[in-house]
Amino acid sequence: MASTTVKVGSTVGLHARPASVIAEAAGEYDEDITLTLAGDDEDDGADAASSLMIMAMGAEFGDEVTVTSDNAEAVTKIAELIASNLDE
């Protein structure tokens with residue numbers, strides 16, 4: 001199981017546009033990818049392939065999010081997206 005923690009880089013947090021970009025990228029992988037907001041229970045993780053679940057996390061700019069999956073490449077890709085400013 002691969003895992004990494006990154007800070008949200010989008011100035012509006014993980015809302016509509018950033019969430020849809022992340023979900024689309026996560027959907028390209030066969031393995032499950034889970035996002036967990038720092039301070040939340042691991043059982044409260046969001047499916048990275050679901051933009052609605054990502055938005056429901058309520059992650060704001062600068063919040064820490066842990067990305068977990070059996071696919072290390074997927075973890076790296078999704079973590080890069082979360083850390084970037086997807087509002088531009």
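## Burial and surface

Of the 88 residues that make up the chain, 41% count as buried, a value that, like the others in this report, is computed from a predicted model. The accessible surface of the chain amounts to about 4700 Å², and carbon and sulfur atoms account for 45% of that area.

## Fold and overall dimensions

The chain holds 3 helices and 4 strands, and read from the N terminus these elements follow the order β-α-β-β-α-β-α. Where contacts link residues at least 6 apart in sequence, 75% of them join residues at least 24 apart.

Because a compact globule of 88 residues would have a radius of gyration near 12 Å, the 11 Å found for the chain agrees with that expectation. Along the principal axes, the C-alpha atoms fill a box of roughly 30 × 25 × 20 Å.

## The largest nonpolar core

The largest nonpolar core comprises 27 residues, and those touching the most other members are Ile22, Ile33, Leu35, Val65, Val67, Ile78 and Ile82. Two or more residues each are supplied by strand 1 (2-7), helix 1 (16-26), strand 2 (33-37), helix 2 (51-57), strand 4 (64-69) and helix 3 (72-83). Helix 3 gives the most to this core, contributing 6 residues.

## Surroundings of Ile33

Ile33 is one of the core residues that touch the most other members. When its neighbours within four places in sequence are left aside, Ile33 is in contact with Ala26, with Ala46, Asp47 and Ala48, with Val67, Thr68 and Ser69, and with Ala74 and Ile78. Among these partners, Val67 and Ile78 are also listed with Ile33 as core residues touching the most other members.

Note on methods. Residues numbered from 1 in each chain as written. Predicted model: local features only at pLDDT ≥ 70, side-chain atom pairs only at ≥ 80, totals over all residues. Heavy atoms only, no water. Rg over C-alpha atoms; globule rule 2.2 N^0.38 Å. Buried < 20%, exposed > 50% of the residue type's maximum accessible area, 1.4 Å probe, protein only. Contact = heavy atoms within 4.5 Å. Areas by Shrake-Rupley, 256 points an atom, 1.4 Å probe, with all protein chains shown as cover. Core = buried A, V, L, I, M, F, W, Y, C linked by side-chain atoms within 4.5 Å.
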